[in-house]
Each structure stands twice: as structure tokens, then as C-alpha cells.
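Hi,

Here is the structure I promised to pass on.

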Amino acid sequence: MTEQNDAALAEPVADVRPKSLEWHGHRREDPYAWLRDANWREAMRDAQQLEPAIRAYLGAENAWAEQALAPVAGLQRALVDELRGRIREDDSSVPQRDGDFYYYSRFREGGQHALICRRQGEDGQEQILLDGDSESEGLDYFHLGAVSHSQDHRYLAYAVDRSGAEIHEIRVRDLETGQDLPDRISGVHGDFDWAANGRTLFYTTLDEEHRPREVRRHRLGTEQAADPLVYREPDPGFFLGVGLCASERFLLIESHDHTTSETRVIPADQPEAEPRVLAARERDVEYEVEEHDGRWLIRTNADGAEDFCIMQAPLSASGRGQWRVVVPHRPGCLIRNLLVYRDWLVRLELEDSEPRIVVRRVSDGQEHRIAFDEPCFSLGVIPGLEYVTDNLRFSYSSLTTPTQVFDYDMASRSRVLRKQQEIPSGHDPSRYVAKRLHALAPDGAEVPISLFHRADLEPDGDTPLLLYGYGAYGISSLPAFSPHRLSLVDRGFVYAIAHVRGGLERGYRWYRQGRLQDKPNTFSDFIACAEHLTQTGYTGVGRISMHGGSAGGMLVGAVLNQRPDLFRAAVADVPFVDVLNTMLDPELPLTPPEWPEWGNPIEDPEAYRTILSYSPYDNVTARDYPHLLVTAGVSDPRVTYWEPAKWVARLRALRTNDNLLLLQTNMSAGHGGASGRFDYLEEVARRYAFLLLANDMADS
């Protein structure tokens, strides 16, 4: 390993200020609780508001990390150039038709942020509606959120986050003049949509705990303070969202936590009407609705349909009494999405980690599938702007194949390739191989693994391998293409994804078996995958690096505490590692909504003990740990900065070796890291330079 330059700085050591905590008769000490600033809400908007001792500690950690990575600064610069060379800098999306207009986004050469554009007619003159590069000038952080034009194409509403704290401001631009209206809607979640009159917006606001709890209605030309309340969610564990259904006949207000949902509807042409509940919430019953030809179509897990079914009901229905099955439930075949067109119903299914698209003709119920033949791939359906159409747009990629966007004629069953992701520096999929393996978990479950490497590589026990995992919230880590990974794979790494429980890769039961009291399955699944990869000769013990972010960072932390000997290095991005303390604090933004995922340790002693058993921060002990790079963001409302900071402080105090232990905190960004597309590449390059350094491959 390249020697560090340790002449300038000493390794940071956080002050120990013990705080005793007692719940359910169990006492524990939190030596680094002081790193949580009482002023954290203000600090999310402005890092200068952090208490000076905390800011100084985070700054010292940043300086230590920079010094430790100084020997690979040249490698990091080369990696940035490499990563940038795989991006078409003037890339653009495939235009979406809406009446006479075609809407799309694109980047200019060297630009960090997207331009929102349209043409009148497919070959008409381009009109730049919004210039992200111009809007971001002078800002440390800029993220363009939702963008939506009114149905008459006169106005464009857009949401902007200027701090990384996911607190948005909605502005409205007059597309005839190119000027913004005086209207400013601040302190909002960022989701919104238009009523049919093209002069009224519905949007969600954030409460003091940073939760989207209210839907309000804004009439153009009025002050935000006058916006009437449409609905307020009484349960702090439920979040709100608002949007139009595909037919644009109804606005939908959706209340949900991770396992329960409830929908209210308002006719889009009657924006002042009172919202009406379609079916009252029932614990662990989820449903999503679309209007179709005078009926509701409902994707739901009601009545024991664990992997979801499609039902229908009359528009006048109140409650579930009139719901009738259209597409029956099939165990193990998860219905992930439903897209509705006038003449077609399209659903995205997932079975045993493999996705498929099923097209159903409304007139006679005849169905057909869109097929693919690669072993590990990802599919996505792309909602269009038109309801009356035979055209379906979808995306396809695999670990080896760059993303392709197709237009599919559902009537003729023919497809047209509209866009192929370009890799300007070159990419030949035939030079790589992708495979699907299965590891056996301790309880007998078969855990899928997707992996790829160069075709000319013959892996053995000395081959470096990067294993990625997430496994939470029912989010599936499908094997999609990423040009970034080639920087490791081309240097001899095997790249693998562990499809552990907590995701939906093998249906809803796969998710259910990785949450609440069964959360430990996520970690034992990941360990089983790592062991299987060593047993099958793709790598060896101590040659595996792992990567996870957010809840995947919690996976990294838990696995490091259980089997540090398996791993050489780990990267934990904005890791959720102080799980018990966070779930015991109902004032934090995500705590009440997260109780269905992790359990409520305030009220449930068993949930307390389960979380305590794996919470990474609480289980750090005196042992050797692999090389570790940890990231955080001061503006992060999802995983607050002090979680990774406390974890690193405890690791540094207790570990028994001197491997790299680095914490890099972004002082002007949140959960997603840097907002500019090239700034983000700097973060990817730093991650890869660290992994190459930790694997004694910094000269490769």
C-alpha cells in the first residue's frame, strides 16, 4: 500500500462526553452524542450555523481524509478524466410529445445542469424554457426538482433546492415572455401539479420536522400566505404526495408510510372541490389508483394479494366493497408498476430478480410480453405525456449493455430504438461477461447475486471484488448499466450486487423477510453472498470490498461488526448507522414514518432489542476493521450528519489496527452529494481512488 504522508496532521480524535441513556431497563452510554447540534435544523440550510466545536471536528476529519488520499491525488484526477470521457457532454433525452409540442431536456458541452426545452412540431425551433446552468450561477448547491407545464402550454412550474436540505421553492415561468411570475412558493417538499384550468397549482408543504404534511392550493397571482389548506395529514408517520392521474381528469393526494396508503381525489376541473377518500387506510394495505374510462384502476395488495393485483371500481365507489379483480394476484410475481392509456394497460412485473413488461389490450383483455434474452438486466417504463396513444416508451440496460430507450407500438408489437447511451471513450459489451449466481443464506433462502467482469479475466482467490448491497424499503437493486464501474472492472475487479432481503427482487415476501424483527436477514444474506463468492473462486477472504449508501450504509456497518475478516475495504455513503438513537427520537424528520420499517423501540421492547442487536454505532467493539471511507452531508435531512460522524469517532477510539479510516463531510450538500454532474464525478473518483489504494492497486 502507498505510504501516507503523516507529517502534517494528526489523526482527529473526538472528545468523549458520555451521555447515559436508559430504555426498557437497559442502560447504555453514548460518548459522542454532543456531535448532534441542537441547532441542526438551521445548520441544514447553512453549515456556518453549526456549533463551532462540531464544525471544527468535521473540518479536521475532512483535512485528515484529504491528507490520507493525497498520495492518490493524481490517480483521482485521472479517474475524473476517465469517468468524464464516458459521458456525452451534450447529451439529451428523447423528446416527449404532448399535443403540438415536444418536451425534452439536454446538457450543453461543459454544462453541469440540465436545460429544459421544447419544440413546436418535431422539427420546430428549440425554445429553452429553463437553463439550469444559469439558474445555478453563484450557488454552492443547486438541484432542479419537479418541472411541469400547464395543460395549455402557457406556464412552466419548477421546484428548486438551493441548499441540499430538500427544501424547495416553486417558481412559475410565463413561456410567452420567458419571465418568471412574481409568485414564490417557499418551504415546500417539491412535488406539485396543475389543475385543468392551467392557473392553479396543488403542492405539499413541509412542517417543522421537515415532513410533507399539508397539501395547499395556489392561484397564480396571489400570495403564498393566502393559499388555502386542502388537506392536512394528522399522522406524523404518514407523508403526503400530490399529482395528476394519467388521464388528467383527477388530482390525487396520496398519504403513505412504508406499508400503508390512502388516496384522496379531486376533479382536475374543479380545483376548489373537497378531496374525497377512495378507501380508508388499513394497516399494511397499499393501493395506488388511476382513472380509466370512467372507472378506477387500482394496484393493491388488499385481500391477501401479497405481490399485488389489479382491481377496478366505479368512480363513485367509497371503500373497498366494490373493488373487483382485473389482473389476479400470482404469488412470487410482483406487479411493480401500472401505466394506463386509453386503449392499453401496461404493467412492470418482477419475478425472481428478472423484470418484464406485460401489455394488455383493454378491448378484449389480450396480453403479451416484451421479451429480452440477457441473463442480468434492468427494465423501466417511462410514463408519457399523452393518454391517447399506442406508443409505450421503455428503457433497457444490463451490467454490460448501456441504456437503450425504445418506443414500442403496442398495436403492431414493433419497437424502435430511440436512443442508445453513448460512451464517447468507447465500450464493447462483448469484452465483458455478466452472470447470475445464488448464495445459500443460513435459513436456506437462495440469495441472488448479479456480477460482471472482463471476459479475459479468470478470477481466483486473489481477485479484488466490489460487492454492493442495499436491502431496505422494498427498493430493488436491479443490474443496470453504469459506465462508472468500468474504471474498477477494467483494472481487474469483479463487480457484484447482492440482492439481499429487504428489497423486492424476489417479491414482497423478500421485502417482508428483511424488515422489523427479520432485519438481521439482510446482513446474514450479504455475508452469505460474500462467502459464496470466495467459495466459487471469484475472490478470496480479505479481497472483498463492499459499498452501500444510506440504508445500504447501515448494511455496511452491521456486516463490518459481524464479519470484518471477510473484507479488505468498505465505502459507506451517508450511512444510516445510529439506528437506535434515531428511532428513539420522534422529532427527527424520518423517525415516525420509519417505524413500520425498523420497529418502534419507544413502545416495543422487542423492537428495541432487535435494533440494538445490529445498530452499527452501538456494536462497534475492539477489533481489527477493514479500510473504511465514510461520507456525510451537513444538509442531509434523511441521514443526519452526526450519524456517520459519531460512528467514525467510535471506530477510531476502539479499533485495534491502523487501517485507513476516513470521514468526508460535504458542508454544502445533502443526501445525494454534489448536485452538478461533473462535481458528482469527483466524488465517484474519490471513492474509486480509495478502493484502489486500499487494494494496493493505486498504480494500476
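**Strand pairs and cores**

Gly-380 has Ser-395 in S27 as its bridge partner. That belongs to the antiparallel pairing of S26 with strand S27 (residues 391–398), which runs over 6 bridges. Pairing here calls for at least two DSSP bridges between the strands, and strands are DSSP runs of E with at least two residues, helices runs of H or I with at least four, numbered from the N terminus. Strand S26 (residues 377–382) is mostly covered, with 5 of its 6 residues buried (buried is under 20% relative accessible area, exposed over 50%, partly exposed in between, with a 1.4 Å probe and protein chains only).

Before you go further: this is a predicted model, so local features need pLDDT of at least 70 and side-chain atom pairs 80 or more, while totals for chains, interfaces and linings use all residues. Numbering starts from 1 along each chain as its sequence is written, and side-chain values use heavy atoms, without hydrogens and water.

Now the open sheet: its 4 strands are ordered S3-S4-S5-S6 and pair antiparallel. Strand S3 (96–98) and strand S6 (126–131) are the edges, each pairing on one side only. Inside it, Ser-105 is bridged to Ile-116 in S5.

As for the nonpolar cores (buried Ala, Val, Leu, Ile, Met, Phe, Trp, Tyr and Cys joined through side-chain atoms within 4.5 Å), the largest has 124 residues, and Leu-467 and Trp-598 touch the most other members. Helix H13 (residues 677–694) gives the largest share, 11 residues. Another core, of 19 residues, lies apart from it and includes Cys-245 and Val-265.

Cheers
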